[in-house]
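Biologist: Before I rely on any of the terms used for this model, I would like to go through them one at a time and see what each rests on.

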Amino acid sequence: MSSIAMVRPRYVAFELSGPVPLARRDVGAVLSAAAKTDWTGPPPQLTRYSWPHGIVRIEHDQLAAARKLLEGLHDRLDRTTLRTLSTSGTLAALT
């Protein structure tokens, strides 16, 4: 039996609130820019997004780092706050 660890995804649902809806490209750009600092491994991916909700895909061992990253995005989002809602091992469970 091999000792290679399987990559298991985790999905983190979040909600944005602010005076103006943000486009998917803007949220994705902010997430990507934030992940360029203090992030190891594959970067988080914005899997689903429709104002004001979104889902980010990460690897299972990145959950704590992803929550910290998402919580820190309010500094990069103009007058918009982000709140994590829930986490799951499957995308279907969050949708």
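## Terms and their grounds

Modeller: The largest pocket has a lining made of Ala 34, Thr 37, Asp 38, Trp 39, Ala 65, Lys 68, Leu 69, Gly 72, Leu 73 and Arg 76. This is a predicted model, in which local features need pLDDT of at least 70, side-chain atom pairs count only at pLDDT 80 or more, and totals for chains, interfaces and linings use all residues. Residues are numbered from 1 along each chain as its sequence is written, and side-chain values use heavy atoms, with hydrogens and water left out.

Biologist: What makes a residue part of the lining, and what makes a space a pocket?

Modeller: On a 1 Å grid over the protein atoms alone, a pocket is an open set of points with protein on both sides within 12 Å along at least five of seven lines, whereas a cavity is a set where a 1.4 Å probe fits but cannot get out; a lining residue has an atom within 4 Å of a point. The volume of the largest pocket is about 190 Å³, which is the space filled by probe spheres set on the points, these being joined across faces, edges and corners. Helix H2 (residues 63-71) contributes the most to this lining, with 3 residues; helices (H or I, at least four residues) and strands (E, at least two) are DSSP runs, numbered from the N terminus.

Biologist: Why is Thr 84 called buried?

Modeller: Buried means under 20% relative accessible area, exposed over 50%, and partly exposed in between, with a 1.4 Å probe and protein chains only. Thr 84 has a relative accessible area of 18%, so it counts as buried. Thr 84 lies in strand E4 and, leaving aside residues up to four places away in sequence, touches Val 12, Ala 13, Phe 14, Arg 67 and Leu 70, where contact means heavy atoms within 4.5 Å.

Biologist: Why is Arg 79 called exposed, and where is it?

Modeller: The relative accessible area of Arg 79 is 59%, so it is over the 50% limit and counts as exposed. Arg 79 sits in the loop between H2 and strand E4 (81-88), and has a positive phi of about 55 degrees although it is not a glycine. Ala 92, in helix H3 (residues 91-94), is likewise exposed, with a value of 60%.

Biologist: How do you know that the buried residues of H1 line one face of the helix?

Modeller: The buried residues of helix H1 (residues 24-35) are Val 27, Val 30, Leu 31, Ala 34 and Ala 35. Seen down the axis of H1, they fall within an arc of 130 degrees, so they line one face; the arc is that of the directions from the helix axis to the C-beta atoms. An α-helix has 3.6 residues a turn, so residues three or four places apart point the same way. The partners against which the buried residues of H1 pack are strand E1 (9-17), strand E2 (45-50), strand E3 (53-59) and H2.

Biologist: What makes the span of H1 close to the expected one?

Modeller: The expected span is 1.5 Å times one less than the number of residues. H1 has 12 residues and reaches 16 Å from its first C-alpha to its last, close to the 16 Å expected.

Biologist: Which residues of H2 are buried, and which are exposed on the other side?

Modeller: Ala 66, Leu 69 and Leu 70 are the buried residues of H2. They cover an arc of only 95 degrees around the axis, which puts them on the same side of H2, while Ala 64 and Lys 68 are exposed on the other side.
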